[in-house]
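Have it open alongside as you read.

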Amino acid sequence: MGEYIVEVSGVSKGFPGVLALDNVNFNLKAGEVLALLGENGAGKSTLMKILSGIYEKDSGTIKVFGEEVHDMSPKKAQELGVAIIHQELNMCSHLTVAENIFLGREKTKSGILSDKEMEKQAKGILDKLNMDISPDTVVGDLAVSKQQMVEIAKALSTNAKILIMDEPTSALTSKEIDDLFRIIRQLKSEGCAIVYISHRLEELQHIVDRVTILRDGQYITSMDFGDTNLEEIIANMVGREIKEKFPRISCKKGKKIFEVKNLNAGKMVRDVSFELYEGEIVGIAGLMGAGRTETTRAIFGVDAKESGEIILDGKPITINKPMDAIRAGIVLAPEDRKKDGLCTKLSIRENIALPNLDIICDKLGIVNRKKEKVMTQKAVSDLRIKTPNTEINAGSLSGGNQQKVVVGKWLARNSRVVIFDEPTRGIDVAAKVEIYNLMNELKRQGIGVLFVSSEMPEVMGISDKIIVMCDGKVTGEMITEEATQDAILKYATSFEKKVAAEA
Amino acid sequence: GCGSKETAPAAETSTAPAAEETAQAPAEEAAAEETAAAESYKVYLITMDQMDQHWVNVDGGCKKAAEELGNVEYKWLAPDVKDDAKQIECINNAVADNADAILLAANGPDAVTAALEEAVAAGVKIIYVDSAADFEGEVTFATDNQAAGKTAGDEMLKALTDKGITSGKIGVVNVNAATASCVARETGFRSAFEGSDFEILETQYSEGDAAKSKDIAANYITSGCVGIFGANEGSTTGVGNAIQEAGDDVIGVGFDKSDTILSLIKDGYLLATMAQNPDVMGYEGLKAAVAVLGGESFGGAVTDTGVSVITKEGL
Amino acid sequence: MENRQNFLRRMMAVRGMGQVLTVTVGLIVLCIVFGILNPTFASSKNIGNLLRQIAPIILIGIGQSYVLITGNIDLSIGSVVGMSCMISATLMTKGLNPWAAVLVTIFCCLLVGVVNGQLVAKCKLPPFIATLGTMTIARGIAQIVNNNYNTDSIGDAAKGFRDFFYYGKTLGLYNTIWISIILWLIFNFLLSKTRTGRHIYAIGSNVEAAKLSGVGIVGTTTKAYIVSAFCASVVGLIICATSGMGTMDAGNMYEMYAVAASVIGGVSTLGGQGILLGTVIGAAIWGVLQNGLQFAGAPVAIRNIVIGIIVVVSVLLDVVVRTGKPRKAKKG
Amino acid sequence: MENRQNFLRRMMAVRGMGQVLTVTVGLIVLCIVFGILNPTFASSKNIGNLLRQIAPIILIGIGQSYVLITGNIDLSIGSVVGMSCMISATLMTKGLNPWAAVLVTIFCCLLVGVVNGQLVAKCKLPPFIATLGTMTIARGIAQIVNNNYNTDSIGDAAKGFRDFFYYGKTLGLYNTIWISIILWLIFNFLLSKTRTGRHIYAIGSNVEAAKLSGVGIVGTTTKAYIVSAFCASVVGLIICATSGMGTMDAGNMYEMYAVAASVIGGVSTLGGQGILLGTVIGAAIWGVLQNGLQFAGAPVAIRNIVIGIIVVVSVLLDVVVRTGKPRKAKKG
Ligand SMILES: Nc1ncnc2c1ncn2[C@@H]1O[C@H](COP(=O)(O)OP(=O)(O)OP(=O)(O)O)[C@@H](O)[C@H]1O
Ligand SMILES: Nc1ncnc2c1ncn2[C@@H]1O[C@H](COP(=O)(O)OP(=O)(O)OP(=O)(O)O)[C@@H](O)[C@H]1O
Ligand SMILES: [Mg+2]
Ligand SMILES: [Mg+2]
């Protein structure tokens, strides 16, 4: 560790209506892992995009390796040795792994692409990451977590001296996270500087040397990780103390609301059964790709079911399409809010009203604007959605607030069962707590809550009962008080036994 | 197109040089010039579209007459493509612009009639050029397309008989089934073969596109046709090109006159083309319009402006 | 007083109203220019005439807008116009009562809409291809209806029909204009005030999210295509009434005019965005251009060039206005 | 032996090869059916002829495929064909050396490509609208070049030109066929083996990702549009050579034929997918249909219906085949 190799001072950046960065300072030393932390919308991604030349700064100076850079562009950044792994997946799904890794930097021999050469090099990097995929696989055929690993491989292949990782682990499995951390440590020992952005604060202890914290576009502080603790970091991020990271309320367990019996749908949902009772939150844990999303989709009627029974309040019901589920009182807040949750071009009002038009419309199907307004206002104030008004496009909200809209549109109606699929992915601590409170509120009202999450502390912190899935099957079920991380992990990885048995 | 109510004299009678000598002023010109001093008339020419050389020549005839008369505010309106509805819009536009008379080349016999009724009700005089509609106009100057088509058929039949061919397949390349004038030519052409042993094949449509016409004609030649008929300029060009290339002894007969067609005839690839006299239509049409506006009546007379059969010998 | 301000503010808040205002200014400028070039342009006679020419463009524009807002496109519009014209005329020449013929015609055209909707939403064909296919097929049907000929005159029995759709006037306005006004009111109401309208926007904005919100994708998409086919069939009837006969190539290229009218009026080809008020202004611009350029004596070539430039510039303006701010911000 | 297997496996792994095989089977079936319906269809004379009729479709198909793979569309192709035909013919009738005329023509057409690319990639206009605009403008230019007339015959001086592009033969094959073979080889090489080709796929697959990887979006998109304009200009020259004159409406609707050929051959209108081998097969199917239906004596109406159905069904097949697998994968 030594000199600062990146010195950013007084950088500001505005977007229409927001000042994303306000006079921010940021320094990075060679051979360190720096965690850049802050709530949603704090400006972390914006700062890193400026550093890697994707956005232009409004004012301020950037020095890289001691020299001031005026005209940063993606190309220039690459020449300087800056590589970035973006928060959103940015893969060309029709191209192969090798083609993606070398996109924009293709190797050629007298003008002709040297595909063999590139595949060979890609293979080398993938091996380094312990990834068992062939470089000529088409990326679109890969699971999301594998795509994220390819993204990481792509950044590594540039041999960058400054590597920026914007939430690289939000879609990775724990094994892959271990591999990533191993690589990070190795790069660090080679003198590479790494900026690490993540909302999973428990990861920091494994790799981080220093933290820099932003809040509302402003620079707050930088500290050596060893000199601080999570509480202090969170307080700096949020600007106030968060007393309870996982607020829990206790309710009396009531009667059975909902039951899924022997549900089968494709290969990822095999013989799934579970029950929901009044006054409890059921968490579904498991690794990525365990089939949890598929299970929720099958229940909700998005994907076709092969067999199985769904029983609500003691009566079996048939769900062939989402509307059937909604009418019956079962709703789903899906996992990928941009892809499945929001109509980003429509206003907050229209998004919240969308699944509730049956309530809002009169018999002729005409929308009652008064009812609609009342419903929207209520959702916005209940969930404390931060927005100037309800007419702005949902797409222009910050991630956490978008998630609240996704949840909010389902709370506007009286449902019996609410399914949350990864409701807290990519949102900050404070917003997470608000989502937890919301689930608790539903629990208090006697509504069944099913909660899918890949973050074990969260599952253990919030749910009353935990179901663990692996490879499309329910492999374990336990009361939270009796659950331990190890036990969950054991169930979550019990597919290996099956593989062994088959072999 | 073939809206003429009386069958005009046989087309062969008019010969090329005579038809081109159009400047000879008819007797009524003097009368028209007298009114010139009195008032100025707004006369519109409305054609089927603006693409064909043919319409440009009609326009040329009108312009010439307008210049000679001096008291005419003359304008040419045309839809961007051949389309009944669009031609009706043109008529409505001319009426809205207070036209005194319209020289109309009707897209089809029926489509424009109601619009013309409206126009006449608004006091506009209707003169047909090129093709009439099923609606009483003041006077019509047009080619009798069906007769001309029959002439084309007769030319082909004669050439085939001269070669000693009395049976075989004959192909027809037309624009589309919606263009009445060309359909009339085809009808005339087919009628020439009634009673003969020739088999006239299913008509193929090329939208008047020379390249497409050539492909179609080439296919006809491949399937062993002894003669091919092109119903308009583009079709005829395509037919000529296909024959030129195949080098076969296929007899090609067509319609309209362009540089390319003339050179195809000169080189012997096309037997003959039926050349109309669009400038005569325009010239006579505009003069008649002014005469009508000056109070004269033609009583709906139909004048065949004739076709000239252009062959290698005639060039 | 306050009420009025409120009304204005609410007007402006409606999505896409900005683009509508921009193009309205453009329309006014165009009218002034043409009025100066040729004073007859502004005569009451020509205005009645002009409105009657714009009416069919408004109708096909409404249909195309519905489909565009769902994020799809309908290339079959022109062929459906042709089908409608040919089917109605053929039935009438065969002696069927004109109004019965109208009903049969509309029914047949709606079938094309249903097929489009199913191909696009159920079979998941790219809408460009699916409707390119039905465009060709529908044109083939238009041609086959009367055995590959245009029909004869639909005759005197159809006078009422012709007056209703084209030649008659009501309260001083041509019926054609009334038809487009009334249909516009209905379809605008359906799109902006009803559940189906909301669903149409939602699908265009994000079809997955709409599906997960319980919106029936196949049903809603099909409804949009049916509206499009319906509007096209009405235009076909108008053309049949106008010319008093069936022409096989009626409506050629109308799908493109419809796209142009919609897009000039601010409807996005990417879906989820646009209002029918914009479509009306877009159609008016298109109609005024055709009419005005003809009066100005511009040859077809110039007309094409001017229209092409106006289509590009109007959308360019929209893009600049819409993204202009972020871009400025981006560069500082 | 092993090498050959390897080769086969690699062939099959090539993007889109599956669809190409499906349609090749379709093509063979079509040929057999037409051959049975009318034996002349399979005569050597007709085959030479047929190949020459297919050649221009291959060329415009190549151009449209390039653009489609970038995820855009080029509606201006037909008008550029017309422009090319008119400009070259007009220059030749004015006495310019035919080969100089060819160069000037190609240059003018490439400008349209550049404008398309800039409008779409730089100004971010929806490609449908941008090229709808340039389609109208280019047609206007085609019309204005010779003052709204078709040109006269390009004369005897142009004999070499006409032989080169259409009437001549080399090694027993018509030059037109050679031109399309050679251009296909070049453009196939560029698309599959060079960096620009790779970037074209990347943009079509995910434009944001491509941008973040340093791919020049504007430059690459413009190159694709230039290829499209170039191919269209060559087709225009072929048409000029064919008829020996300039026709203003040459190439009408060719953009749609090009889309059909590309899409039948497996090029996705959504970008990122397709190979030029497919485009050739698609063009062949299109050409065989036109030629074969004429030999079979089918009236135009039937032909339209058959072609429409084949377009829809071929893409439907593709969708079924393609989504069958991923969907299965998704569910297990
Ligand atoms: N392209 C853009 N256009 C407009 N506003 C933007 C844009 N990108 C970011 N913003 C705004 O800038 C602010 C900072 O956003 P940024 O993405 O940097 O936050 P972040 O710290 O990365 O948050 P998260 O943890 O949710 O990723 C937010 O208010 C956001 O809405
Ligand atoms: N659109 C898709 N295309 C291809 N594969 C997919 C797609 N969506 C999911 N998968 C894969 O299907 C498998 C099951 O995924 P699923 O989302 O059900 O798992 P999960 O347990 O919910 O995990 P996650 O936490 O990722 O949501 C995974 O391997 C996933 O990558
Ligand atoms: Mg971020
Ligand atoms: Mg999931």
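## A loop residue in chain B

Let's start with Glu39(B), which is partly exposed at a relative accessible area of 45%. For the burial words used throughout, buried means under 20% relative accessible area, exposed over 50%, and partly exposed in between (1.4 Å probe, protein chains only). Glu39(B) sits in the loop between α2 (29–38) and β1 (41–46) of chain B. Helices (H or I, at least four residues) and strands (E, at least two) are DSSP runs, numbered from the N terminus. Glu39(B) and Gly240(B) are 201 residues apart in sequence and, C-alpha to C-alpha, 50 Å apart in space.

A bit of bookkeeping: residues are numbered from 1 along each chain as its sequence is written, while chains are lettered from A and ligands numbered from 1 in the order in which they are written. This is a predicted model, where local features need pLDDT of at least 70, side-chain atom pairs count only at pLDDT 80 or more, and totals for chains, interfaces and linings use all residues; side-chain values use heavy atoms, with hydrogens and water left out.

## Ligand 1 and its magnesium

Which residues come nearest to ligand 1? Of the 14 residues around ligand 1, they are Asn40(A), Ser45(A), Thr46(A), Gln87(A) and His199(A). Here a residue counts as near a molecule or strand if one of its heavy atoms lies within 4 Å of it. The largest share of this shell, three residues, comes from helix α1 (residues 44–51) of chain A. By class, the shell around ligand 1 has four nonpolar, seven polar and three charged residues; Ala, Val, Leu, Ile, Met, Phe, Trp, Tyr, Cys and Pro count as nonpolar, Asp, Glu, Lys and Arg as charged, and the others, Gly among them, as polar.

On the atom-pair level, a side-chain N or O atom of His199(A) is 2.7 Å from an oxygen atom of ligand 1. Tyr55(A) has a side-chain N or O atom 3.1 Å from a nitrogen atom of ligand 1, and a backbone N or O atom of Ala42(A) lies 3.2 Å from one of the ligand 1 oxygen atoms. Taken alone, ligand 1 exposes 630 Å², and the protein buries 72% of that. Those areas come from the Shrake-Rupley method with a 1.4 Å probe; for residues, only the protein chains shown count as cover.

The magnesium ion listed as ligand 3 has Ser45(A) (OG) and Gln87(A) (OE1) as its protein donors, 1.9 to 2.1 Å away. Ser45(A) lies in helix α1 of chain A and Gln87(A) in the loop between β6 (82–85) and α3 (97–101) of chain A, so the pair ties together parts that are 42 residues apart in sequence. Donors are N, O and S atoms within 2.8 Å of the metal (3.2 Å for Na, K and Ca); water is not among the atoms, so sites may look incomplete. Ser45(A) is buried at 18% relative accessible area, whereas Gln87(A) is partly exposed at 31%.

## Ligand 2 and its magnesium

Residues from chains A and D surround ligand 2, so this site is shared between chains. There are 16 residues around ligand 2, and Ala290(A), Arg292(A), Thr293(A), Glu294(A) and Glu335(A) come nearest. The shell splits into six nonpolar, four polar and six charged residues, with α9(A) giving the largest share, three residues. A polar side-chain atom of Arg292(A) lies 2.5 Å from an oxygen atom of ligand 2, and for a backbone N or O atom of Gly291(A) the distance to a ligand 2 oxygen is 2.9 Å. On its own, ligand 2 exposes 610 Å², of which the protein buries 75%.

Thr293(A) counts as buried at 18% relative accessibility, and Glu335(A) as partly exposed at 23%.

## A buried helix in chain C

Over in chain C, 11 of the 11 residues of helix α12 (residues 254–264) are buried, so the helix is largely enclosed by the rest of the structure. Among them are Tyr254(C), Glu255(C) and Ile264(C). Just after α12(C), Gly266(C) takes a positive phi of about 100 degrees.

Technical notes:
Polar contact = N/O pair within 3.5 Å; in protein donor to acceptor, adjacent residues only side chain to side chain.
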